[in-house]
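Visitor: I have a model open and would like to talk it through with someone. Could you walk me through it?

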Amino acid sequence: MSETDPKSVQDLTAVVQTLLQQMQDKFQTMSDQIIGRIDEMSTRIDDLEKNIADLMTQAGVEETEGESTVKEGQGAS
């Protein structure tokens with residue numbers, strides 16, 4: 001068979017296109033998984049921040065400009 005045989009060129013083209021499509025599908029799947037995990041982490045971080053704020057409120061600690069202060073009349077033990 002010669003290297004310029006149209007049948008072999010068409011076959012090679014089809015194989016390359018199939019491979020590229022499979023790679024694109026795998027990349028899209030991985031991308032979707034990563035985005036899903038980032039969204040999940042964002043939700044968990046938001047929940048964690050809320051829980052920390054609730055705990056600080058319960059402990060009588062106020063956060064002012066990045067520094068924590070204890071409300072008067074409530075000391076840390």
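Guide: Let me begin with a term: the expected span of a helix is 1.5 Å times one less than its number of residues. Please also keep in mind that this is a predicted model.

Visitor: Okay, how many residues does helix α1 have, and how far does it reach?

Guide: Helix α1 covers residues 6-59, which is 54 residues, and from its first C-alpha to its last it reaches 78 Å, close to the 80 Å expected at 1.5 Å a residue.

Visitor: And what happens just after α1?

Guide: Just after α1 comes Gly60, which takes a positive phi of about 80 degrees.

Visitor: Which elements does the protein chain have, and in what order from the N terminus?

Guide: The protein chain has one helix and two strands, and from the N terminus on these elements run α-β-β.

Visitor: How much of the protein chain is buried?

Guide: Of the 77 residues in the protein chain, buried ones make up 3%. The chain exposes about 7,200 Å², with carbon and sulfur atoms supplying 56% of that area.

Visitor: Changing topic, which residues make the nonpolar surface patch?

Guide: That patch, of about 400 Å², is made by Leu12, Val16, Leu20 and Met23. Leu12 lies in helix α1, and Leu12 counts as exposed because its relative accessible area of 54% is over the 50% cut-off.

Visitor: Now the charged side chains: how many salt bridges does the structure hold?

Guide: The structure holds three salt bridges. In general, side chains of opposite charge can pair when their charged atoms come close.

Visitor: Where are Asp11 and Lys7 relative to each other?

Guide: Asp11 and Lys7 are four residues apart in helix α1, so about one helical turn separates them, and their side chains meet in a salt bridge at 3.6 Å, N to O. Asp11 is partly exposed, with a relative accessible area of 38%.

Visitor: What about Glu40 and Arg44?

Guide: The side chains of Glu40 and Arg44 meet in a salt bridge at 4.0 Å, N to O, and both residues lie in helix α1, four residues apart, about one turn of the helix. Glu40 counts as partly exposed at 47% relative accessibility, whereas Arg44, at 57%, counts as exposed.

Visitor: And is Lys50 buried or exposed?

Guide: Lys50 is exposed, with a relative accessible area of 51%, while Asp54, at 32% relative accessibility, counts as partly exposed. The side chains of these two residues, Asp54 and Lys50, meet in a salt bridge at 3.0 Å, N to O; being four residues apart in helix α1, Asp54 and Lys50 are separated by about one helical turn.

How values were computed
Residues numbered from 1 in each chain as written. Predicted model: local features only at pLDDT ≥ 70, side-chain atom pairs only at ≥ 80, totals over all residues. Heavy atoms only, no water. Patch = residues over 30% accessible without salt bridge, like charges linked within 9 Å, V, L, I, M, F, W, Y side chains within 5 Å. Areas by Shrake-Rupley, 256 points an atom, 1.4 Å probe, with all protein chains shown as cover. Buried < 20%, exposed > 50% of the residue type's maximum accessible area, 1.4 Å probe, protein only.
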